[in-house]
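The following note comments on the fold, sheet by sheet, and then on selected helical sites. Please read it alongside the coordinates.

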Amino acid sequence: MNDKTLKLLEFDLIRIRVAEFALSEEAARHLEGELPLTDPYNVEELKKLTTEFTDKLNSGDEEPRESFPDIGFLIPKLEVEGMVLELDEAYALGVFIRAAEALKEWLQRFRGDRAQLYGEKPQRGDRAYREKTGLGEKLTPLQVLVSELPDCSSLAREIFRVLNKDGSLRDLPEFREIKGRIRNLTGELEAIAARYTGNEDTRRMLQSALPSQRDGRMVLAVKANFRGRIKGIVHEVSSTGQTLFVEPEEVVEKNNEILIETRRLDGEILRVLREMTGRIATQRYLLGDLHEKIIHLETLRARARYSRETRGYFAPDGDRAQQENEVSSPLPTAGLVLTQARHPLLGSKAVPVDISMDGNIRTVIVTGPNTGGKTVTLKIVGLFALMNQFGLALPVEEGTTLPVFDGIYADIGDEQSLSQSLSTFSAHMTNIAAIIGAVTERSLVLLDELGSGTDPEEGSAIAMAILDHLIEKKARVIATTHHGILKNYGYTREGVENASVEFDSRTLSPTYRIIMGIPGESRAVEIAARNGLPADIVSAARTYLDEERSDVSALITGLKKKHQELDAAAEASKAEVFRLREERRKADLKELRLRQKEIDLKAGGMGNLRLLLSESRKTLENLVRELKEEELTREKTVKVKEFLAGLERSVAVGGEALEKEGQSLAEERRCLETGDISDEDQSSGGKGSGGKVPVAIEPGTEVLAGEYHRRGTVLRADKKGSWIVEIGSLRMSIPEKDLIPLAPSGENKKPLIAAPDLSPENQARFEVNLLGMRLEEALEVLRRQIDAATLAGLHEFSVVHGKGDGILQRGVHEFLKQQGLVADYYFSRPEMGGFGRTEVVLKE
């Protein structure tokens with residue numbers, strides 16, 4: 001990449017713009033002289049650093065804006081033995097180090113914030129800290145660079161021990177005695193001068209009432225005609241000869257003393273600066289390392305600030321992306337792709353350009369009208385490749401990929417030279433010959449108006465031969481041309497793609513859009529007419545063109561039409577895919593709503609059951625206690641029956657509402673499964689108008705009975721509106737509205753709420769008698785008793801197991817110990833059975 005190519009592609013202007021964002025003149029000069037990298041690994045690392053710096057700028061944490069003074073020339077001077085820094089030089093070093101510390105602290109701040117979350121101070125080598133924060137194991141590239149910055153804060157402290165923050169010399173103890181002596185002598189001189197100016201006789205001899213300075217000594221401005229009246233040494237005579245500057249004899253000694261003290265002070269200052277310079281010189285290599293790394297960070301910051309300003313996108317490596325996808329996908333992947341690329345120097349006037357060269361396309365031939373954007377496209381591709389390898393974000397959209405080139409070569413524009421006897425064609429051939437000698441398979445070659453400037457037939461032949469050679473070298477090539485034969489070349493050669501710049505035939509003006517896969521027409525006649533060529537000449541040109549024209553233009557026109565049709569079909573396909581996705585989304589939403597409603601119904605049923613059991617528990621426990629403690633009477637029996645009847649009525653009322661919801665849900669589900677449900681049905685609760693013909697209830701019909709949907713068989717009709725239903729070993733009268741007939745085909749749905757088995761042998765009892773049973777049989781009966789008691793809300797019951805050999809007793813206690821529902825168990829009181837009976841307490 002030579003300077004000629006960089007200027008031709010206007011990359012030098014981009015470098016200048018990037019350098020303007022640097023806060024250091026040294027970094028700006030470094031950027032203006034830096035070349036794009038050519039090694040893929042180095043380019044990737046540079047972009048990672050710039051990306052991370054850009055993210056830091058976008059984090060909202062205000063960056064330090066202290067500028068870095070130029071100190072590069074000072075570091076070599078520190079190697080000279082006995083060298084002493086001037087005050088401004090030492091001040092520049094101190095400011096540089098302080099600014100470097102501020103930048104380092106800003107770049108590390110987010111790591112400190114993360115550590116603060118854990119309430120501890122980060123410690124190097126602290127494994128627990130690394131595991132909690134994840135900072136010590138793997139640092140980002142920018143963090144690595146910042147962690148390698150040497151600590152020169154001690155040098156800054158040494159410099160600002162001697163200098164103030166504004167760069168002036170501090171009033172050190174070493175200087176105070178000398179400065180005090182100078183102040184005293186100066187006061188004495190001022191007193192002597194006041195005697196001369198305050199005395200009327202001597203004041204009339206003076207040209208000015210204020211004393212003056214000559215060579216650091218106080219003198220009086222004496223009129224020439226009073227020359228001998230004031231004794232002393234004449235230091236100077238004015239240009240007119242009217243004034244003599246006389247040092248009176250009585251101040252000569254004072255002036256001498258001030259001069260001596262001033263020289264002492266200068267010597268003391270020189271000593272302090274020499275000692276300070278010596279201490280700085282001992283760490284000059286550390287200072288040099290800091291300077292080098294800070295300048296590098298400043299170039300990164302300038303790149304990041306430029307990238308943020310342009311709102312650019314960091315393009316991934318196209319060749320690497322292709323290699324990774326060749327294994328996982330048989331489809332070709334793009335190597336060089338620019339999506340909505342806008343020339344950064346054109347600002348808002350830039351027209352976005354799209355161009356794509358996938359892994360199989362190595363050469364693109366761009367044709368089309370003049371002023372259509374062919375040359376601008378070449379420059380954009382070349383400039384963006386250079387910017388990418390310079391570590392900059394590009395003004396493109398996501399989807400852009402760019403390979404890393406080892407060389408970018410361009411032959412663009414007319415470089416004829418009278419002084420060198422070069423014609424347009426000769427200049428092109430000279431440039432192309434140099435390019436051919438340098439290209440490799442990793443090079444990018446940009447050729448504008450290939451084969452122009454000579455006979456079209458010979459120029460086309462030379463152009464095809466050049467392309468053959470570059471294709472053989474496997475270089476990536478983008479060439480523009482007006483030769484029609486090259487359009488056919490693009491169709492007949494493997495790895496070559498035609499492209500064109502779009503031309504609006506209605507407005508007779510270019511749109512500057514690139515159309516891949518189709519060659520373009522030059523439209524020279526239309527452009528000539530639009531630019532003022534007389535109509536008769538244009539008409540004659542069309543006549544000649546019609547006589548000579550082949551079918552190529554008709555072919556191109558047909559291809560453009562096909563391309564438009566394909567674009568329209570692609571848009572229609574996209575719309576259809578979107579419509580189908582939307583319909584699928586609506587169907588999924590309907591299904592989710594129905595499933596959620598089913599869950600809500602189940603939860604509501606269980607909640608009502610728990611509430612009913614909770615409210616009835618205390619009443620039932622009181623009745624049980626009365627039955628245990630007192631004699632059973634008819635009044636108490638009636639009271640128990642009334643309670644049970646009220647409980648049954650409550651369950652029936654709740655079951656009726658739940659059954660209606662269940663039937664509605666079943667209908668909605670049927671409609672969804674058959675596709676009969678509409679958006680109106682969904683918005684109104686999903687109740688369809690259709691459904692299966694209900695099964696008639698008659699003797700022998702299988703039904704789900706009551707609130708808990710217990711399965712039973714209808715035996716016969718009972719009183720009006722009721723049926724006798726057999727459920728297990730029980731026969732009961734159940735209203736017809738509480739019965740759900742089951743289809744004989746077996747497609748019955750699962751009950752909304754699973755019904756517990758409430759057969760007599762599985763109902764909860766206040767006392768369980770295990771006498772005469774084997775251990776296994778006794779434990780099974782006990783297990784069913786615990787389940788039934790839990791469901792019925794019975795929290796206490798007794799187990800009669802007897803004493804005997806103690807096998808049944810121990811087995812029952814071991815079993816109760818392992819049950820999670822059992823809160824406690826203990827032997828009964830002696831009068832209730834003692835060790836032959838166990839009281840069991842369940843958890844509430």
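**Notes on the predicted model**

1. Strands E18, E19, E21 and E20, in that order, make up an open four-stranded sheet with mixed pairing. Its edge strands are E18 (767-769) and E20, each of which pairs on one side only. From one strand to the next, the twist averages 20°. Here two strands pair if DSSP finds at least two bridges between them; strands (E, at least two residues) and helices (H or I, at least four) are DSSP runs, numbered from the N terminus. Axes are lines fitted to C-alpha atoms, for helices over the stretch in contact, and angles between N-to-C directions run from 0 to 180 degrees.

2. This is a predicted model, in which local features need pLDDT of at least 70 and side-chain atom pairs count only at pLDDT 80 or more, while totals for chains, interfaces and linings use all residues. Residues are numbered from 1 along each chain as its sequence is written, and side-chain values use heavy atoms, with hydrogens and water left out.

3. Strand E21 (residues 837-842) has antiparallel partners in E19 (residues 796-800), through five bridges, and in E20 (residues 822-827), also through five bridges. In the former pairing, serine 798 is opposite glutamate 839 of E21. In the latter, valine 822 has leucine 842 of E21 as its bridge partner. Five of the six residues of E21 are buried, so the strand is mostly covered (buried means under 20% relative accessible area, exposed over 50%, partly exposed in between, with a 1.4 Å probe and protein chains only).

4. Helix H24 (residues 775-792) lies across E18, E19, E20 and E21, at about 165° to E19. Helix H25 (residues 807-817) lies across E19, E20 and E21, at about 160° to E20. Contact means heavy atoms within 4.5 Å.

5. A further open sheet has four strands in the order E1-E2-E4-E3, with antiparallel pairing. Strands E1 (212-214) and E3 (232-237) stand at its edges with a single partner strand each, so one side of each is left without a neighbour in the sheet. The twist from one strand to the next averages 45°. Four bridges join E2 (residues 217-223) to E4 (residues 243-248) in the antiparallel sense, and lysine 223 has threonine 243 of E4 as its bridge partner. Helix H12 (residues 249-281) lies across E2, E3 and E4 and runs at about 75° to E4.

6. Which residues of helix H18 (residues 484-492) are buried? Leu486, Lys487, Tyr489 and Gly490 are. They cover an arc of only 155° around the axis, which puts them on the same side of H18; the arc is that of the directions from the helix axis to the C-beta atoms.

7. Glycine 382 belongs to helix H15 (residues 374-389) and is buried, with a relative accessible area of 0%. Leaving aside residues up to four places away in sequence, glycine 382 touches Leu9, Ile408, Leu444 and Leu446. Its C-alpha atom is separated by 7.9 Å from that of alanine 410, 28 residues apart along the chain.
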